Amino acid sequence: MKPIIELKGVDFYYDKGKPSEVHALRDANLEIKPGEYISFFGPSGCGKSTILYIISGVEQPEKGKVIVNGQDLIDFSFKELAVYRQLGIGIIFQNFNLIPSIKNIENVALPMAFLGISPNIRKKKAMEIFERLGIADLANRYPYELSGGQQQRVGIARALANDPPIILADEPIGNLDSDNATKVLNLLKEFNLKDGKTIIMVTHEAWSLRDVGRIFYMRDGAITKVETRKPEKVKKINSSYYYKKLFPELPTIETRSKTLATLILRGYSQQEIKRLEYFLTQRFKNQIDKDLLRRVLDRPFKENGVGLWKQKAEKIAEYVEGVIKEEKELEILYKKLEKNPEEPLYEEVQRIYSWLLEGCSFTLTPFQKERMNEAINERIRNIITAENFQKILDLAKDRGGVGLRIKTSLKIAEKLETILGRSKSNLVI
Ligand code: ADP
Ligand code: MG
């Protein structure tokens, strides 16, 4: 398996060139694989926090490379860095770092706000995390009303908010009594073993290394020794970061044509699908116009057409025009998100909603509509997968879904994918 994090010859200075200069990291080299639980261990001031800042992209090395998922951090675009920081990692601090003026649940929901998730969903998801950690009773209180151990569990809940594959914990038990420290270590172990998260923990207390698979000993900014312990096997590797990209690229014309052709001619022969694919590509490239597309759809297969009935040809030509139009809108929308990941997308989502329901004979209640718009928003931002999107549409209203019939939810989810173009056949029942 390829490393999730690599450091190659990393050097880092504070106050470089000043009399106060500190050479905080010296030629750091390491590889961390997805699902590992590792620790940086060493005395105060040896550079443990600094190495976390480097890994999280807060600080850039003077020399050397930081490689995430095979890609050099230095080559990350602004948006890729934002994706990495918001979805790739969750950070747990020694002093908890909760915002005192807002309730605990709001602290946990906050990282989701940066992804544009609506307040209702944020609260719901945050509450699920509180429940998982067994601290639901703390959700509606303020951080200052809690003990240190309780605050740290809220801090952990916050680190989990966006379900990152990597957890960075900087002396997470440093301010806790041994009972609470044990609870926190148990949680880290659970996230590693059960959720397959990669855990990177900084500590200067030897006993807290009990569950760690590899220990990087540090002294004066250098990794002096690496010790491998026999780690327990993680159950499943959560590599969501590999596909979870907040701002995915739009699909190529070829991919789009293929997705669309397969969808439109489901049940037809491969030959017919291939031919439609060819004409769609031409239409997307604007080499043929709408009218010509309609005619070749209608033309017999033997005469190099697709051989559809006239009415069906017309319907499909219309549908394709809709896809082209929406795709253009989506491009504009992505540009907006690229500039500002927090940009609210009310109008755009509303547009897509109307387009998705075009031709449907039923109407949705305001509640269903709101839920569906939230799901569209999350799908556009790639917070949820196509399957999740479809499940939300399908799920009963009293369980937080839109409550559509399965056939309808599939049709709508597929339609959305024709412009997003990210899933191919995985929606097919
Ligand atoms: P650790 O987390 O292991 O205690 P740090 O990474 O915080 O160590 O610090 C490494 C070295 O860098 C120490 O000598 C520390 O004094 C110095 N240092 C840390 N942060 C700063 C800073 N913001 N400015 C200048 N020096 C710093
Ligand atoms: Mg430190």
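Q: Which residue's backbone oxygen lies 2.6 Å from a polar atom of the side chain of Arg214?
A: Keep in mind that this is a predicted model. Arg214 sits in strand E9, residues 214-219, and its neighbours beyond four places in sequence include Glu31, Ile32 and Glu36. The backbone oxygen 2.6 Å from its side chain belongs to Glu31.

Q: Does Arg214 count as buried or exposed?
A: The residues that Arg214 touches include Tyr37, Ile38, Val226 and Thr228, and its side chain also makes a polar contact of 2.7 Å with the side chain of Glu36. The cut-off for buried is under 20% relative accessible area. Because its relative accessibility is 17%, Arg214 counts as buried.

Q: Let's move to the ligand: which element gives the most residues to the shell around ligand 1?
A: The residues surrounding ligand 1 include Tyr14, Pro43, Gly47 and Thr50. An oxygen atom of ligand 1 is 2.7 Å from a polar backbone atom of Gly45, while a backbone N or O atom of Lys48 lies 2.9 Å from an oxygen atom of the ligand. Two elements give two or more residues to this shell, strand E2 (22-32) and helix H1 (48-55). With three residues, the one that gives the most is H1.

Q: What percentage of the area that ligand 1 exposes when taken alone does the protein bury?
A: Side chains take part here too, since a polar side-chain atom of Ser49 lies 2.9 Å from an oxygen atom of ligand 1. Taken alone, ligand 1 exposes 560 Å², and the share of this that the protein buries is 62%.

Q: How far apart are the end C-alpha atoms of helix H8?
A: Buried residues of H8 include Arg256, Leu260 and Ile264, and their cover includes helix H9, H11 and helix H15. H8 has 12 residues (253-264), so at 1.5 Å a residue it should span 16 Å. The model agrees, with the end C-alpha atoms apart by 16 Å.

Definitions and conventions: Residues numbered from 1 in each chain as written. Chains lettered and ligands numbered in written order. Predicted model: local features only at pLDDT ≥ 70, side-chain atom pairs only at ≥ 80, totals over all residues. Heavy atoms only, no water. Helix = DSSP H or I, 4+ residues; strand = E, 2+ residues; numbered from the N terminus. Expected span 1.5 Å × (residues − 1). Buried < 20%, exposed > 50% of the residue type's maximum accessible area, 1.4 Å probe, protein only. Contact = heavy atoms within 4.5 Å. Near = heavy atom within 4 Å. Polar contact = N/O pair within 3.5 Å; in protein donor to acceptor, adjacent residues only side chain to side chain. Areas by Shrake-Rupley, 256 points an atom, 1.4 Å probe, with all protein chains shown as cover.
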